[in-house]
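I opened this model to look up how its strands pair and what lines its RNA. My notes follow in the order I made them.

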Amino acid sequence: MSDIRVRFAPSPTGYLHIGGVRTALFNYLYARQQGGKFLLRIEDTDRQRSTPEFEREILDSLKWLGLDWDEELVHQSKRLDRYREIAQELIAKGAAYESEGAIKFKMPQTAVKVYDIVRDEVAYDSKEFDDLVIMKSDGFPVFHLAVVVDDHDMGITHVIRGEDHLTNTPRHILLQQALGWKSPKYAHLPLIFGSDGTPLSKRHGAVAVTEYRNKGFLPQGLVNYLALLGWNPGTPQEIFTLPELVKQFSLKRVIKSNAQFNPEKLLWVNGQHIRALPGEVYEDQITAFWKEKPHSPSKELKINGTSPGNLSSEKDRGQGKIPEMSEEKWRKLIALYRPRIQTYGDLKDQAAYCFAEPEYKDAQLMNEIKGNKSVTGLLKQLYGVLEELGDFEEVELLDQKTKQVAEEAGLKPKDIIHPLRFVLTGGTASPGIFELMSLLGKDTCLKRLSAFLS
RNA sequence: GGCGCUAUCGUCUAGCCUGAUCUAGGACGCUGCCCUCUCAAGGCAGAAACACGGGUUUAAAUCCCGUUAGCGCUACCA
């Protein structure tokens, strides 16, 4: 156990966003790796914009991501007296003065050096800085004072934050010097931008953690991707679990230049995690995702009474249950789609025809198949063959029988498989047709066939 | 404007400190091929970058200077 103490200090004026997660993550990784403490401080001195709801969202998001923190939460709003005390102390020392109801820090005229772990030494001349308001006329501290006081009181040894604070650092150091306090070590992280190089915002798509959660991203996928923005292990490894990151992380390998957020790579990383998960974990997670109301659009997945197997009746719907597909079928389904999805939410788009009647959107293809006598003849024949089968449990048998129909007509397997896929799914892409037939079940398959052929 | 930070494929990046091993490596995306009943997944291959200009040196992506560009700070926001 080292005495390293770091902190993440969000303002509850909005949801936890991508940039915040990255900052929190790097603090977390450093603390856990060094055997130090990862603390949380809520910077809620902006009374207008801070809300308890946002605070709860932020904490929820951090928990979901697996970034657990140590010790009690610190709220700046509860430390107002302390800031006032320090401000008075600065006045008493002649380092600050009152001005129009506010208190200003008298900026010493001196050279300041910031030793930054990421970018080495950065020098400033404080002649460039104006006197700094530290207490607003409403009696609330300004960010700079609160940060310096809190970091000191919390025993913070390393301040790891975004590069947007780099230029604030000399002011903070001057404040610390005026108070006779030791400065923590600093590490400024590169910023994350959108694909057009401007600060990440809603224009660039999802920025809030909750949005990613709702879409069915895995916390480890998001964490993994974000770890790679501004840091790399120096090895070709790209896929990491949190513990692996903790082990390999190093502030020394933090990149200096800003990065652009690339949603496509995030998707890929997430897909890798989906495939790397132990089977049971995958099953539990994706099942929970589709069951849990607040975080899944599962209503949209529903399902008319006409779904495969014994799907839910009208009454059962909206209960937040997986459609009353048997446990066994649901498992088959998610196994079949595992290599095909990048987020749990993808199931909705890709397997829609498992939960509702297929939509034949491609009218041209529809007519092509329907208008082709030999194809429809083949399908009718197949219908007859399938009807004779007991159930559709045996994939091998379905395979055999279906191909046999084609062979007997002097055709190739795909000559029947492709039209059949279209009939059953309404499209041209699906998992293996025989696995799919088995999944849908005999009734559904026959029903779709006869409906199509009639 | 002033001050500060940054600058390798479209994007994330390795390499830069300790110059020669770099005809610049990996990943996402893209293209093609293989696998194959389609789509994925997986495998293989390909196109794709050292911002620009000066130095230093036998030798520079790597060191130095300048230019340009991007970003940040310059609030009684955080």
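**Strand pairing**

I started with E5 and strand E8 (residues 132-135), which run antiparallel and are joined by three bridges. This is a predicted model, so I kept its limits in mind: local features need pLDDT of at least 70, side-chain atom pairs count only at pLDDT 80 or more, and totals for chains, interfaces and linings use all residues. Residues are numbered from 1 along each chain as its sequence is written, while chains are lettered from A and ligands numbered from 1 in the order in which they are written.

I noted the terms. Strands (E, at least two residues) and helices (H or I, at least four) are DSSP runs, numbered from the N terminus. Two strands pair if DSSP finds at least two bridges between them.

I checked a residue pair next. Phe105 has Leu132 in E8 as its bridge partner.

Then I turned to strand E4 (residues 96-99). It pairs with strand E5 (residues 102-105) in the antiparallel sense, over four bridges. Glu98 stands opposite Ile103 in E5. Tyr97 has Lys104 in E5 as its bridge partner. The hairpin of E4 and E5 has two residues between the strands, and Glu100 there takes a positive phi near 50°.

Which order do the strands take in the open sheet? I read E4-E5-E8, three strands with antiparallel pairing. E4 and E8 stand at the edges with a single partner strand each, so one side of each has no neighbour in the sheet. The twist averages 40° from one strand to the next (axes are lines fitted to C-alpha atoms, and angles run from 0 to 180 degrees between N-to-C directions).

Among the elements that give two or more residues are strand E7 (120-125), helix H9 (263-276) and helix H18 (413-425). H18 gives the most, with five residues.

**Whole chain**

I counted 20 helices and 12 strands in chain A. The radius of gyration of chain A, taken over C-alpha atoms, is 30 Å, well over the 22 Å of the globule rule for 454 residues, so the chain is more spread out than a compact globule. That rule is 2.2 Å times the number of residues to the power 0.38. The C-alpha atoms fill a box of roughly 100 × 45 × 45 Å, taken along the principal axes.
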